[in-house]
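Biologist: I am new to this structure and would like to go through it step by step. Could you show it to me before we start?

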Amino acid sequence: MSNLLIGSVLAAAYIVIFWLLGAILPDRFHSQSIPVMCITGFLLYFSLFQVIALPMKIFKQPLSYLTMAWFGLLILLVFYVILKRRRPLIDSLKNLFPSIPKLLLVFWVMILALAVALLLGFNTNTISDYDACYYIGLPVSSVYSNTLELLSPYTGLLLEEPQHFYLLNTDTLNSAVIYQALNIHPLLERKYSFTIAMVLIFEMGLYLCGKHFFQKENSEKDLRMSGFQKTAVFCLLSNLVLLYAYSIAGVSHYFAYRTYEGKAITSYLYMTLIFCFCLALYQKEDTAKTSQDDLWPWAGLFLCGVSGVAFCNTALFVVPAMMGITLLPYIISKGLLHKHWKVLLRFILVLFPCLIWIALYKLL
Amino acid sequence: MTQTIKEMYSFLAESFQIYSDNNRIWILFPIALILILFLGKKSDRKLFLATIAIEFLTIFNPFFMKFFLEIFSFENRYLRFFWMTLFFITIAYAMVLLIFHFKRVLVRILAGLLCVVFILFLGVPVFWGKEVPPYTKAENEYFTSSEILELSGIFHSEELESPTVLYGGLMLVYRQYDPSVISFLTRNVYQTMQGLSFEEFRDLDRYSKRLRELYLVYYYGDYSIRPDRFYRHLTYYDIDYVVSSSEHLDEYLSSLPVSLLGQTEHYRVWKVLPKE
């Protein structure tokens, strides 16, 4: 099988695994929608990976132990979903195609998403060779030495400790685990498969934003139709603005050139997902009274807090700042003014993992 | 205090300038916020406008900025707070509000086209913009250059276990593909050399004289150092292969006990022969 086919299969496998993991959570945490399940599954994947990989990295275990532990867990979780959680999977597929207009919208967004994903997936100009050497050289070196980041990616010399600055980041170990278990080189896995998977998740985030901005579930047929059109135009324009906003320090640069790097993922993906979850809460503000059905955005925010630091240290301050500031007007109006203390409690809960990571960063 | 606020204000302005790189597409951001103010729903106004107001009161507030910078000790990463202004979503959302504000389909189409023209006219595209890093399509299914693959074949042609190689910028690219070679050059030394002139590096006492001489020849092209000295340094550090991309270095090396192991379009790999 050619490398490109393997890479494409891996990109699809990432999305399927995220979708399956999304189904693990109780129904009210994913609203039986494929984009929400994929996004939640992606966040859950890296939250679990962070929780398993970080202690092993700190205690300098061999990479093979992590590979066995991670793939063992993934297999168990997939079996659990197939045996016990088939219903949400089937329902999410049904929800994807309820009507022809929505089918057309989904088809349009998928074409757009795939076009952007392939455009970025085939680009090899990642601008900074230093960072590329870290994000790709590190997993390659970890597999070669069977260590958790104890071989310098630049020189090939053994290190006594993992680099302190990057201690909390584990996403590069995910590539190492994939390489060790499936023999798919990180050059292919990161630059192609992971890039495509991340762009698709990002596009799902944009689609969800459009959906919450414009699609009213209980509205009349004409209004629903108009909502689909608006969502389609919104997805197109968002991509266009992002791809036309080049600056060396800006999000566009990270999105287009360094799509697979941890800090890029924090900049374009996490910020968008956090915004999307907050938007869902704002949209429900007038309709739901802290009912159980509005829990999925909270679950997403919580998982953002847990998994953000897996990608880069900037997430330590950007993720809680984004969550805190974007949610603050909602917390004030819904939580404080309307005295819905549960909202306040949830707000504290979603920020809690970020505080733990900041404390660990200072302590370790 | 006033001085600090002034400093913080100019720091904020500079940071935004660096972040946006004067890309004119940012003009659309405040316009989008105004559009949302008039055309958006109540919840959207709260989400976009109240949030941006809080950002200006907190992370973009010159009164508080120093506090944030000190707490997180991330002065050089302050720019990353700008990630939080999701301009692409804000602009796109405002444009959709504007387009669908009109009732007639034809007017909507015209408004949509106008929005696209604004984006294309004001913005700088990734890959194909002026003074923008170009799009480089993968040249093979290994997602590295074909020359790296050729070099790997050369480095392993003698089946040495973890050969030590002296190469420059390749250090950052080659080991992404093949971790089984040891780069004699370290990231720190390479970065130091990239930032220093020949004279500055020559006078730098951070590294031993032997190491400096090695790099003065290899990196700075100072061929006034006697070849036998350079060869002694190579064997002292047990360097197996030297990669050259310069004809002058090739000429210099050819006077040493080295042999050409192989070559690619841009590189020659010289094997350092053991002392007799």
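This is a predicted model: local features need pLDDT of at least 70, side-chain atom pairs count only at pLDDT 80 or more; totals for chains, interfaces and linings use all residues.

Biologist: Which helix gives the most to the side of chain A that touches chain B?

Modeller: The contact draws 69 residues from chain A and 71 residues from chain B. On the side of chain A that touches chain B, the helices that each supply at least two residues include H1 (3–24), H6 (129–145), H9 (221–243) and H13 (315–337) of chain A. The residues of that side divide into 45 nonpolar, 19 polar and 5 charged. The helix that gives the most, with 10 residues, is H9(A).

Biologist: How do H8(A) and H11(A) run relative to each other, roughly parallel or roughly antiparallel?

Modeller: The axes of H8(A) and H11(A) come within 9 Å and cross at roughly 25°. Angles under 35 degrees count as roughly parallel, and therefore H8(A) is, relative to H11(A), roughly parallel.

Biologist: How many residues of the contact of H8(A) with H11(A) are nonpolar?

Modeller: Residues of H8(A), among them A:Phe202, A:Leu206 and A:His212, meet residues of H11(A), including A:Tyr268, A:Leu273 and A:Gln283. The residues of this contact include no charged ones and 4 polar ones, while the number of nonpolar ones is 14.

Biologist: Which strand of chain B do the buried residues of H11(B) pack against?

Modeller: Helix H11 (residues 209–218) of chain B has several buried residues, among them B:Arg212, B:Leu214 and B:Tyr218. The buried residues of H11(B) pack against helices H9 (187–195), H10 (198–202) and H12 (227–236) of chain B, and also against strand E1 (164–166).

Terms used. Residues are numbered from 1 along each chain as its sequence is written. Chains are lettered from A and ligands numbered from 1 in the order in which they are written. A residue is buried if 20 or more other C-beta atoms lie within 10 Å of its own, exposed if 12 or fewer, and partly exposed in between; C-beta atoms are placed from the backbone. Helices (H or I, at least four residues) and strands (E, at least two) are DSSP runs, numbered from the N terminus. Two residues are in contact if their C-beta atoms, placed from the backbone, lie within 7 Å. Ala, Val, Leu, Ile, Met, Phe, Trp, Tyr, Cys and Pro count as nonpolar, Asp, Glu, Lys and Arg as charged, and the others, Gly among them, as polar. Axes are lines fitted to C-alpha atoms, for helices over the stretch in contact, and angles run from 0 to 180 degrees between N-to-C directions. Angles under 35 degrees count as roughly parallel, over 145 as roughly antiparallel, 65 to 115 as roughly perpendicular and the rest as oblique.
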